[in-house]
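This report describes a protein model from its overall dimensions down to individual residues. The sequence and the coordinates are shown first.

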Amino acid sequence: MNIIETRDISFSYNTKEILTNVSFSLKQGEFLGIIGPNGAGKSTILRLICGILRPKHGTITVSGHDTRGIERKQLAKKIAFVSQETHFVLNFTVEEIVMMGRFPYLRAFQRENKTDYEARDHALAYADLQDFRKRPINSLSSGERQRVVLARALAQEPAILILDEPTSHLDLHHQFAIMELLKKLNKEGMSIIAVNHDLNLASLYCERLILMHQGKVFEQGSPKDLITEKILKQVYQTEVKVIRHPQKDVPHILLNPKGE
Amino acid sequence: MNRYIPIFLVFLLAIFLSIIIGPAQLNTDILQLRISRVILGIFAGGVLAFCGGILQGLFGNPLVEPYTLGSASGAALGGSVGMLIFGTISPLFAFLGALGVGFFVFTIARIEGGLLRDRLILAGVVMSFLCSSLVMIIMVMGGRELYEILYLLMGYLGVVINSTNRLMIILMIVLSGILLLYLYQYYRELDIISQGMETAAGLGIDIQKLSIIIFLTTALLIGITVSIVGAIGFVGLIVPHISKLIFGPKHLKNLPASFLLGATFLLLADTIARVITVYELPVGVVTSLVGVPFFIYLYRRQ
């Protein structure tokens, strides 16, 4: 069953066409990766799905309902968006920030109830943040902050998690921790779409990939089908060597520095 | 520990001091004058600080204050024009000026489907300069009204509440109270906006709509305030910071605290303005003189 379906969506800023006739779907419980060069329109797709932007043409349906007919707060109960924003103007504590994930469930002046506290604590535990809960956010490292942002999304109790480059700017340890966390969530039934610049990570963790190029879907399929020397040359204009990962049956990319 | 209790006690102390301190002996007439000052002080200080807190939250910019968006200079311009025509300060013209310039700034920043927030600040600052120049022209032309315009520009709580303006002032205060409560309902949205625009939109907040609501409502509130007491500066900039230092970043707590602290601050500043020289100073002079060092001290200590 398709939990998200986009049909022929187009989007432009003023006269600049960003996306042209993009159609793809996300199956229930799938881990989908969106890859592609800078400016290919990857982040715009995520924003359209989350209802932050509206498509100029085409439709996006979530569980069969057109998103245009869904109130934004209602959509936020279904889809949680993890943006690249990990800069905090105000120094809230970790648990206060995670509690903000309950916003779609709360009316003005309504106090958080037992369900909200449980969802918050569950999200904190899931992201392994219990020891940090009372800490001010600006005292945390960027890897820890990324986990806080993810926990805030989990507190929304969504069916679908959408992530915009969740591992960029993180060291190896934190990249691995975040991807493993996503894998675990996915195993437990969460449908996930993640934009990832790191093709090796995408290859290792995503079941299916969508390769974007110049605002269009260039190709979609399994990492094995997509991550080939020929396709990467066409889209990234870069000569690479693709080998098989020694432990997993997925492609792995090696760069060839020039002049050797 | 409830931090509102000591703040509230200081607030009561400020009211008490404003009533008993002054050059003249306390009698029934003087008491009435001072009570009317206290009412206007609480109203103006509270509204300015509350609006400052809201706008700093919305723009995620600690240097934004109610006057950054042009309403105050608009009020000064409107009031000056009124003075040129009628020869006396005209609250109605000040109010129209505030709304007019506010609306103009709003139009400049408006694009299809929303507002450009950076452009809003820039347009506000530019319009403030324009209004100042126009006021200067009026001052040069008017000559003798210079003194009164100065009070409008710097702020003055000594407006005597009498039978002719009582009803209007009460209505304005009640309306402001309602508008403040209306804005207060967005405390959670403001907390979330500080996490980033996309995060806020992803959580279901319609940022464009919220920006429009907050901009227009605060412009209305500032227009009301400036039309009654003039453009009192620095309260809306400094007090929200002090409030956040004491009560933390949650707007649920720091917005009402801003109101109380703003009222307290303005009452104390007004008391100083009344007694420091033989002539009464515009209260805005004192808020700046007292506010700036206090602000630097607080920030250095952090």
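The sections below cover the basis of the model, its chains, the contact between them, the nonpolar core and some local features.

## Basis and confidence

This is a predicted model, in which local features need pLDDT of at least 70 and side-chain atom pairs count only at pLDDT 80 or more, while totals for chains, interfaces and linings use all residues. Residues are numbered from 1 along each chain as its sequence is written, and chains are lettered from A and ligands numbered from 1 in the order in which they are written.

For the complex, the predictor gives an ipTM of 0.92 and a pTM of 0.91. The mean pLDDT of chain B is 86, and 94% of its residues score at least 70; pLDDT is the predictor's confidence in each residue, from 0 to 100. Where pLDDT is low, the predicted coordinates should not be read in detail.

## Overall form of chain A

Chain A contains nine helices and twelve strands; helices (H or I, at least four residues) and strands (E, at least two) are DSSP runs, numbered from the N terminus. Its radius of gyration is 19 Å, close to the 18 Å that the globule rule gives for 260 residues, so chain A is as compact as a globular protein of that length. The radius is taken over C-alpha atoms, and the rule is 2.2 Å times the number of residues to the power 0.38. The C-alpha trace of chain A spans about 60 × 40 × 35 Å along its principal axes.

Of the 260 residues of chain A, 39% count as buried. A residue is buried if 20 or more other C-beta atoms lie within 10 Å of its own, exposed if 12 or fewer, and partly exposed in between, with C-beta atoms placed from the backbone. Of the contacts in chain A with a separation of 6 or more, 66% are between residues 24 or more positions apart; a contact requires C-beta atoms, placed from the backbone, within 7 Å.

## Overall form of chain B

Chain B has 13 helices and two strands. Its radius of gyration, 19 Å, agrees with the value near 19 Å for a compact globule of 302 residues. Along the principal axes, the C-alpha atoms of chain B fill a box of roughly 60 × 50 × 40 Å. Of the 302 residues of chain B, 52% count as buried, and 74% of the contacts between residues at least 6 apart in sequence join residues at least 24 apart.

## Contact between the chains

In the complex, 16 residues of chain B are in contact with 21 residues of chain A. On the side of chain B that touches chain A, the elements giving two or more residues are α8 (187-193) and α9 (197-202) of chain B. The most come from α9(B), with four residues.

By class, this side of chain B has four nonpolar, eight polar and four charged residues. Here Ala, Val, Leu, Ile, Met, Phe, Trp, Tyr, Cys and Pro count as nonpolar, Asp, Glu, Lys and Arg as charged, and the others, Gly among them, as polar.

## The largest nonpolar core

The largest nonpolar core has 162 residues, and those with the most contacts inside it are Ile79(A), Ala151(A) and Ile162(A). Such a core is a set of buried Ala, Val, Leu, Ile, Met, Phe, Trp, Tyr and Cys residues joined through C-beta atoms within 7 Å. Helix α2 (residues 28-59) of chain B provides the largest share of this core, 14 residues.

Not counting residues up to four places away in sequence, Ile162(A) touches Leu46(A), Ile49(A), Cys50(A), Ile79(A), Ala80(A), Phe81(A), Val82(A) and Ile193(A).

## Local features of chain A

An open sheet of four strands has the order β2-β1-β4-β5 (chain A), with antiparallel pairing; two strands pair if DSSP finds at least two bridges between them. Its edge strands, each pairing on one side only, are β2 (16-27) and β5 (65-66) of chain A. Strand β4 (residues 57-62) of chain A pairs with β5(A) over two bridges, and Thr61(A) stands opposite Asp66(A) in β5(A).

Asp128(A), in the loop between α4 (114-126) and α5 (142-155) of chain A, has a positive phi near 60° although it is a residue other than glycine. Asp128(A) is partly exposed, with 13 other C-beta atoms within 10 Å. Glu165(A), in the loop between β7 (160-164) and α6 (172-187) of chain A, is likewise not a glycine and has a positive phi of about 45°.

How values were computed
Two residues are in contact if their C-beta atoms, placed from the backbone, lie within 7 Å.
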